[in-house]
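Subject: A structure to look at, with notes

Hello,

I am handing over the structure that we talked about, and my notes on it follow below. Please keep the model open while you read, so that each residue can be found as it comes up.

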Amino acid sequence: QVQLVESGGGLVQPGGSLRLSCAASGFTLDTYIIGWFRQAPGKEREGVSCIKGSDDSTYYADSVKGRFTISRDNAKNTVYLQMNSLKPEDTATYYCATVGSSGDYDYWGQGTQVTVSS
């Protein structure tokens, strides 16, 4: 059974940092694509970053390039999203997800809230 559990969200001031974690179970994430998404109030869900387990290739949305870093710890079966220089517009619920048999992101965590405010 595939399960993803996000953690690490919270309230942070602009310019601050947070590290989100996505703990995976039911599969070994080093053979899967893991993505981070976010959804702000009144907006559609957007892709933020992803990492490919087979070769560690990564993708970042233009809005977070240079500020966010995705990484993987195979020993802990966990993917991280290090978020630096946070801006109010980064405020959203952040979700991790992985690709299912269809090739789409079929497995999702429950989300963790990130609020950037002074």
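A word on burial comes before anything else: a residue is called buried when its relative accessible area is under 20%, exposed when it is over 50%, and partly exposed in between, with a 1.4 Å probe and protein chains only. This is a predicted model, in which local features need a pLDDT of at least 70 and side-chain atom pairs count only at pLDDT 80 or more, while totals for chains, interfaces and linings use all residues. Residues are numbered from 1 along each chain as its sequence is written, and side-chain values use heavy atoms, with hydrogens and water left out.

Let me begin with the salt bridges, each being a side-chain nitrogen of Lys or Arg within 4 Å of a carboxyl oxygen of Asp or Glu. By this rule the count comes to four. One of them joins Asp 56 to Arg 72, whose closest N and O atoms are 2.5 Å apart. Asp 56 sits in the loop between strand 5 and strand 6 (58-60) and Arg 72 in strand 7, so this pair ties together parts that are 16 residues apart in sequence. Asp 56 itself is partly exposed, at a relative accessible area of 40%. Strands here are DSSP runs of E with at least two residues, numbered from the N terminus.

Another salt bridge links the side chains of Asp 90 and Arg 38, at 2.9 Å from N to O. Since Asp 90 lies in the loop between strand 8 and strand 9 and Arg 38 in strand 4, the pair ties together parts that are 52 residues apart in sequence. Asp 90 is buried, with a relative accessible area of 1%, and Arg 38 is buried as well, with 10%. By contrast, Lys 65 and Asp 62, whose side chains meet in a salt bridge at 3.1 Å, are both exposed. Salt bridges that share partners also join Arg 38, Arg 67 and Asp 90 into one network.

Best wishes

Notes
Helices (H or I, at least four residues) and strands (E, at least two) are DSSP runs, numbered from the N terminus.
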